[in-house]
Amino acid sequence: MLFRSAIEFNFELQSVPRAIKANEPFEVRMKVVHPETGRISKEFELTHEKKLHLFVVSQDLKSFQHLHPDQNADGSFGIKVTVPQPGYYKLFAELVPKGGTMQVMPTTLITAGFDGSLESMHPKLQPDMDRTKVVDSMSVLMENEPPALVAGEHGVLKYDLSDAATGKPVTDLQPYLGAWGHAFVLSEDTIESVHSHPAELIPPDADLKT
């Protein structure tokens with residue numbers, strides 16, 4: 001049996017250039033450091049076909065990116081990122097060091113020249129009572145069990161996909177990164193996050209072409 005340590009690794013992130021600007025590409029460089037040895041970790045488990053999942057979310061929740069940085073020879077990761085507006089951004093790096101457990105490492109970045117406050121970028125969310133959304137030609141109905149979710153208790157989200165024009169069920173989904181779907185749930189204050197996938201596993205004979 002493989003023993004997995006629950007130790008929390010250290011995460012170092014820097015942007016190049018240090019002063020980032022909206023709508024201008026910059027590089028995000030990341031290192032995962034073992035807290036006991038101080039060495040850069042180089043070996044990671046694949047989670048949904050990638051070593052690292054990076055989520056870039058604006059503090060007002062209007063901008064969202066799900067990215068997959070490349071790993072360099074020294075074990076660090078890097079990727080080019082462009083943010084669409086000035087302000088604060090929350091970055092969530094999700095990975096599993098070899099022999100360890102899932103690590104979700106949050107970091108905050110702020111664009112150069114932004115004269116607003118963190119409070120000014122907090123979203124003012126209102127409950128959305130319309131459970132059906134239409135994107136392109138697909139209609140998505142979301143339901144949850146139990147109907148009233150309770151903090152700290154298990155809940156399930158269900159998604160019913162149909163053709164927006166005909167109402168017929170969508171039956172030709174293709175797997176993406178080893179799953180039929182991906183959900184990223186984030187609290188209004190961006191402190192709590194959940195990255196989850198459908199409970200139904202992909203059959204071994206499924207067509208994995210995307």
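## Salt bridges

In this predicted model, the count of salt bridges comes to four. Side chains of opposite charge can pair when their charged atoms come close. Arg-29 counts as partly exposed because its relative accessibility is 38%.

Another salt bridge is formed by Lys-98 and Glu-43, with the closest N and O atoms 3.6 Å apart. This pair links distant parts of the chain, 55 residues apart: Lys-98 belongs to the loop between β7 (88-95) and β8 (103-110), and Glu-43 to the loop between β2 and β3. Lys-98 has a relative accessibility of 56% and therefore counts as exposed.

Glu-145 and Lys-158 also form a salt bridge, and here the closest N and O atoms are 3.0 Å apart. Glu-145 lies in strand β10 (residues 138-145) and Lys-158 in strand β11, so that the pair links parts of the chain 13 residues apart. Both ends are partly exposed, Glu-145 at 43% relative accessibility and Lys-158 with a relative accessible area of 42%.

## Aromatic pairs

The structure holds six aromatic pairs. Phe-44 is in the loop between β2 (26-33) and β3 (52-58), whereas Phe-77 is in strand β6 (residues 77-81), and the two are 33 residues apart. Phe-44 counts as buried because its relative accessibility is 9%; Phe-77, with a relative accessible area of 1%, is buried as well.

A second example is the stacked pair of Phe-55 and Phe-184, at 4.2 Å centre to centre and with 15° between the planes. Phe-55 lies in strand β3 and Phe-184 in strand β12 (residues 183-186), so this pair ties together parts that are 129 residues apart in sequence. Both residues are buried. Ring pairs also link Phe-55 and Phe-184 with Phe-64 and Phe-92 into a cluster.

Strands of a sheet pair through backbone hydrogen bonds, either parallel or antiparallel. In this structure, four strands form an open sheet in the order β1-β2-β6-β5, with antiparallel pairing. The edge strands, β1 (10-16) and β5 (70-71), each pair on one side only.

Within the sheet, β2 and β6 run antiparallel and are joined by five bridges.

## The hairpin of β12 and β13

Strands β12 and β13 pair in the antiparallel sense over four bridges. They form a hairpin with six residues between them, and Thr-190 in the turn has a positive phi of about 60°. Phe-184, which stacks with Phe-55, stands opposite His-195 in β13.

## Surface features

Val-194 is placed in strand β13 (residues 193-196) and counts as partly exposed because its relative accessibility is 47%. Together with Leu-149, Leu-157, Tyr-159 and Val-185, Val-194 forms a nonpolar patch on the surface, with about 450 Å² of accessible area together.

Ala-165 is found in the loop between β11 (156-163) and β12. With 73% relative accessibility, Ala-165 counts as exposed. The C-alpha atoms of Ala-165 and Gly-155 are separated by 31 Å, and these residues are 10 residues apart along the chain.

Conventions: Residues numbered from 1 in each chain as written. Predicted model: local features only at pLDDT ≥ 70, side-chain atom pairs only at ≥ 80, totals over all residues. Heavy atoms only, no water. Phe/Tyr/Trp six-rings, centres within 6.5 Å; stacked < 30°, edge-to-face > 60°. Buried < 20%, exposed > 50% of the residue type's maximum accessible area, 1.4 Å probe, protein only. Patch = residues over 30% accessible without salt bridge, like charges linked within 9 Å, V, L, I, M, F, W, Y side chains within 5 Å. Areas by Shrake-Rupley, 256 points an atom, 1.4 Å probe, with all protein chains shown as cover. Salt bridge = Lys/Arg side-chain N within 4 Å of Asp/Glu carboxyl O. Pairing = 2+ DSSP bridges.
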